[in-house]
Amino acid sequence: NNVDIDEDEGYLLEMDDYYDEDYKFRDKYFSLPVNVKDPDLSDYTADVTQSRLNKIKEQVNSLCQAVYSGNNIESKLDMDALARFMLANDFSLNQELGHPKSTYLFMENENDPDSKFKFGPIWDFDWGFGYESTRSYCESGAKGDVLNTSMSYEAGYRFFTNIRNSAVFKKY
């Protein structure tokens with residue numbers, strides 16, 4: 001399915017090492033490669049584009065600061081959506097999270113202080129089902145870790161490990 005956001009109030013982002021969109025940035029805490037997928041910021045005037053991009057950066061940095069410190073993660077993330085997202089990636093051993101690659105999240109209303117980031121839609125499992133570790137599908141053991149420690153230097157690995165190790169996530 002798709003993510004139906006109001007382009008005047010929300011946005012869709014992709015964390016991806018390819019870092020190939022016109023509007024992109026890296027967060028201050030993990031250096032995650034964040035690409036703005038929607039709305040198309042080139043459709044706006046330069047002032048509006050810069051204002052929206054600054055607000056998106058501010059909100060992503062606020063999320064990353066919470067994840068980095070382990071404090072108030074639940075105030076920034078929809079934890080139910082996050083748990084489903086992590087389960088789907090864990091069950092399929094989709095290790096793209098570690099880079100990250102093809103990792104989507106969105107904000108439905110950037111102007112609502114109670115709006116939270118939601119991870120999804122899940123996408124692109126070509127590095128899933130054990131391929132990252134074995135270069136062959138469905139050959140990894142059941143104990144394979146979606147956050148493969150061989151990628152511990154990667155921004156996605158550090159970001160998602162911090163989430164997974166947080167007290168609030170462990171409740172889910």
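What follows is a short chat about the core, a helix and some strands.

Modeller: Ground rules: it's a predicted model, so local features need pLDDT of at least 70 and side-chain atom pairs count only at pLDDT 80 or more, while totals for chains, interfaces and linings use all residues. Residues are numbered from 1 along each chain as its sequence is written, and side-chain values use heavy atoms, with hydrogens and water left out.

Colleague: What makes the largest nonpolar core a core?

Modeller: A nonpolar core is a set of buried Ala, Val, Leu, Ile, Met, Phe, Trp, Tyr and Cys residues joined through side-chain atoms within 4.5 Å. Buried means under 20% relative accessible area (1.4 Å probe, protein chains only). Here the largest such set has 35 residues, with Leu13, Leu77 and Phe117 among those with the most contacts inside it. The top contributor is α1, with 6 residues.

Colleague: Why is α1 called a helix, and what span does it reach?

Modeller: Helices are DSSP runs of H or I, at least four residues, numbered from the N terminus. α1 has 24 residues, so it passes that cut-off. Its C-alpha span, first to last, is 34 Å, close to the 34 Å expected at 1.5 Å a residue; the expected span is 1.5 Å times one less than the number of residues.

Colleague: How do you know that β1 and β3 pair?

Modeller: Strands are DSSP E runs of at least two residues, and two of them pair if DSSP finds at least two bridges between them. β1 and β3 are joined by 4 bridges, so they pair, and they run antiparallel. Methionine 15 has valine 34 in β3 as its bridge partner.

Technical notes. Buried means under 20% relative accessible area, exposed over 50%, partly exposed in between (1.4 Å probe, protein chains only).
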